[in-house]
Amino acid sequence: MRNMLAIISNVLRGTASRNGARVVVSARTYADFTPQASFDIKKCDVHKLEEGPPLQAVLTREEGLQYYRTMQTMRRMELKSDQLYKQKIIRGFCHLYDGQEACAVGIEAGINLTDHLITAYRAHGYTLTRGGTVREIMAELTGRRGGIAKGKGGSMHMYTKHFYGGNGIVGAQVPLGAGVALACKYLGKNELCVCLYGDGAANQGQIFETYNMASLWKLPCIFICENNKYGMGTSVERAAASTDYFKRGDFIPGLRVDGMDVLCVREATKFAAEHCRSGKGPILMELQTYRYHGHSMSDPGISYRTREEIQEVRSKSDPISMLKDRMLSNNMASVEELKEIDVEVRKEIEDAAQFATTDPEPPLDDLCNHIFYNDPPMEVRGTNPWTKLKSVS
Amino acid sequence: MASLRCLLRSGKTAVRAVLRREFHGTPPAAVQVTVRDALNQAMDEELERDERVFLLGEEVAQYDGAYKVSRGLWKKYGDKRIIDTPITEMGFAGIAVGAAMAGLRPICEFMTFNFSMQAIDQVINSAAKTYYMSAGRQSVPIVFRGPNGASAGVAAQHSQCFAAWYGHCPGLKVVSPWSAEDARGLLKSAIRDDNPVVFLENELMYGVPFEMSEESQSKDFLIPIGKAKIERQGNHITVVSHSRMVSLCLDAAAVLAKEGIECEVINMRTIRPLDAEAIETSVMKTNHLITVEGGWPQFGVGGEILARIMEGPAFNYLDAPAVRVTGVDIPMPYAKILEDNSVPQIKDIIFSVKKTLNA
């Protein structure tokens with residue numbers, strides 16, 4: 001097979017110019033691609049740190065293709081959810097993550113699946129990187145029994161192993177994350193917890209309470225502020241007396257990171273993880289990122305920002321385009337190859353959407369289950385005194 | 001030798017006495033234990049039994065506990081297991097819940113439950129609801145404990161009873177011990193329970209000694225959550241109560257007994273899940289019911305009990321409307337005479353019993 005491809009490749013190379021021709025049937029062998037390349041990444045601003053993450057990141061071809069695939073899957077999944085919401089197949093709250101893919105993918109690339117992560121309600125991307133499948137995520141959005149929380153949680157309440165949601169109350173996830181970090185330290189398994197919140201949540205009192213305790217007790221916690229410039233409809237300038245979110249931890253060292261560059265996020269996360277695992281205590285990262293959608297599906301997202309602004313970010317800083325350009329211009333992948341990934345991703349999303357729209361809703365006898373864990377079955381009062389419903393653990 | 005001959009002559013009862021080891025007439029090894037010490041011992045034993053159990057809260061470690069409930073624990077278990085927190089309830093309650101989610105079994109102490117209001121979002125939205133929202137993926141084995149309700153002279157902001165507030169929420173278990181035995185058995189059950197438990201103690205009960213049976217001193221003595229106890233049997237009226245008010249009910253019952261009125265006093269032990277069956281069975285026997293609580297009347301524990309009786313089989317057995325004896329519907333005043341008249345007194349219970357029986 002390899003020989004045949006090599007022969008075809010040689011023939012085609014003879015008949016088409018290397019850079020210009022778009023050969024539909026790809027005949028390039030693995031040997032043609034650059035296996036890895038080093039990229040300059042933006043320098044991080046630091047707070048109470050002697051030095052920051054490295055200014056260069058090495059990306060292998062495999063990593064690049066994997067990041068591309070995951071980010072593209074995330075993007076398409078969110079756009080599909082947008083469609084389904086407008087068709088009223090998804091209802092209630094739906095906070096989409098498109099534009100911010102580099103954050104979720106970059107963070108996961110800097111930690112292990114055995115580490116822990118918690119975030120707020122814009123959680124679909126993290127559910128994916130933490131091991132959830134597109135099928136079970138979308139079926140949860142449509143409220144079906146095949147959903148990751150059996151249809152009982154919805155958009156904001158998705159959980160996987162070492163992923164604690166998906167939390168609806170702004171800021172409440174931050175003390176929870178520090179608690180997970182406390183358990184990591186207590187159990188001594190060299191694990192850490194990544195604890196995410198937005199620019200809106202960054203002003204919450206309980207976050208400062210958490211900074212204090214995490215620092216006092218040297219908890220292995222990476223606090224990450226995903227600053228997408230708007231807390232719902234309020235821009236950061238209108239909400240925060242200090243928009244240097246990476247400094248708001250005061251006594252906690254901080255980094256300000258380009259959240260649109262997956263490599264920048266990855267290197268910063270690795271740097272932060274190293275800090276935590278060496279027992280130095282918590283560290284804070286501000287990821288400067290952007291969401292294309294409004295706050296949620298009920299927010300068009302253009303009353304407090306201009307279409308031009310959104311368009312500018314899309315054309316200049318899109319995380320997927322940035323990675324794609326890097327890989328193509330360094331000969332780490334072909335256009336066809338990436339297109340093929342796009343096709344596969346599209347199919348995966350279509351299949352998932354199909355499942356999410358055809359899977360039945362949860363059975364009514366599941367209504368009262370999962371109140372208590374490890375308890376004998378009990379009775380739950382229905383809407384009237386004669387209706388006695390059953391609850392099993 | 002002489003005593004043995006005595007024994008052989010005295011027959012069956014004597015043999016039974018021997019088997020009970022009452023040879024010399026010694027009673028079983030019961031001791032007097034205060035509620036505080038019962039709680040302390042329960043925590044000590046559970047900390048020893050399971051490494052994942054730990055205690056956090058204000059002053060629980062080096063101060064030995066604001067009310068000395070955790071006395072000696074820090075000295076024995078150290079910084080890792082007994083953690084002093086800053087005065088930041090919302091933060092440390094959230095940290096405790098997160099630790100429970102990640103595999104530990106925290107006991108989160110609120111210096112009083114009044115301060116739990118600062119953290120109530122973490123108790124309800126992060127702890128109570130998570131098992132349901134995750135469809136059984138994520139459990140939260142945590143105990144929130146501390147003194148609840150009125151104390152003495154601490155005024156309005158430090159005297160609120162939260163039984164009804166927490167009792168309202170699915171996903172929580174809410175426990176309200178009265179005696180030292182309750183405290184011990186229920187706290188052990190709460191710590192071993194895999195669900196969020198709100199454990200409502202009472203400051204005025206901490207120093208009260210109770211006799212505890214030998215059985216109740218065993219390391220595995222557990223009282224099941226969700227089961228009430230009949231503290232005093234009676235035929236004329238059912239008196240349902242929880243926490244410190246049980247003492248007053250028993251005192252009232254003693255006074256009433258002299259007039260020939262026999263009260264059946266039920267100690268709820270658990271607010272949620274409420275042991276409606278125990279109350280119904282009693283009402284079907286006595287045909288009369290009053291509830292007695294320290295908390296405010298509106299939308300309270302007594303209100304719930306009365307509603308359940310209305311909706312259940314016991315209604316047809318009532319010979320008079322069931323009524324509630326509660327705290328007065330005002331913020332707690334400071335002056336002693338005012339404070340004394342803000343909570344049920346023994347005379348109020350006696351009055352209500354007599355009114356119900358004459359109605």
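Author: The model discussed here is predicted.

Reader: Why is A:C195 called buried, and what makes A:C221 buried?

Author: Buried means under 20% relative accessible area. A:C195 has 0% relative accessibility and therefore counts as buried. The relative accessible area of A:C221 is 0%, so A:C221 is buried.

Reader: What makes the phi of A:N374 worth noting, and what is its value?

Author: Phi of A:N374 is near 65°, a positive value in a residue other than glycine. Most residues other than glycine have a negative phi. A:N374 sits in the loop between α12 (335-358) and β11 (378-381) of chain A.

Reader: Is A:N374 buried or exposed, and why?

Author: The label "exposed" needs over 50% relative accessible area. A:N374 reaches 52%, and therefore counts as exposed.

Reader: Which phi value does B:F299 have, and why is B:F299 called exposed?

Author: B:F299, which is not glycine, has a positive phi near 60°. Its place is the loop between β13 (289-292) and α11 (301-311) of chain B. With the cut-off at over 50%, the 78% relative accessibility of B:F299 makes this residue exposed.

Reader: How do you know that the peptide bond from B:R272 to B:P273 is cis?

Author: Omega of this bond is near 0°, and the bond is cis. Most peptide bonds are trans. B:P273 lies in the loop between β12 (270-272) and α10 (276-286) of chain B.

Reader: How do you know that the span of α12(A) agrees with its number of residues?

Author: At 1.5 Å a residue, the 24 residues of α12(A) should span 34 Å; the end C-alpha atoms are 34 Å apart, so the two agree. Buried residues of α12(A) include A:L338, A:I341, A:V345 and A:I349. Among the elements that cover the buried residues of this helix are α2 (61-86), α5 (134-141) and α11 (319-329) of chain A.

Technical notes:
Residues numbered from 1 in each chain as written. Chains lettered and ligands numbered in written order. Predicted model: local features only at pLDDT ≥ 70, side-chain atom pairs only at ≥ 80, totals over all residues. Heavy atoms only, no water. Buried < 20%, exposed > 50% of the residue type's maximum accessible area, 1.4 Å probe, protein only. Helix = DSSP H or I, 4+ residues; strand = E, 2+ residues; numbered from the N terminus. Expected span 1.5 Å × (residues − 1). Contact = heavy atoms within 4.5 Å.
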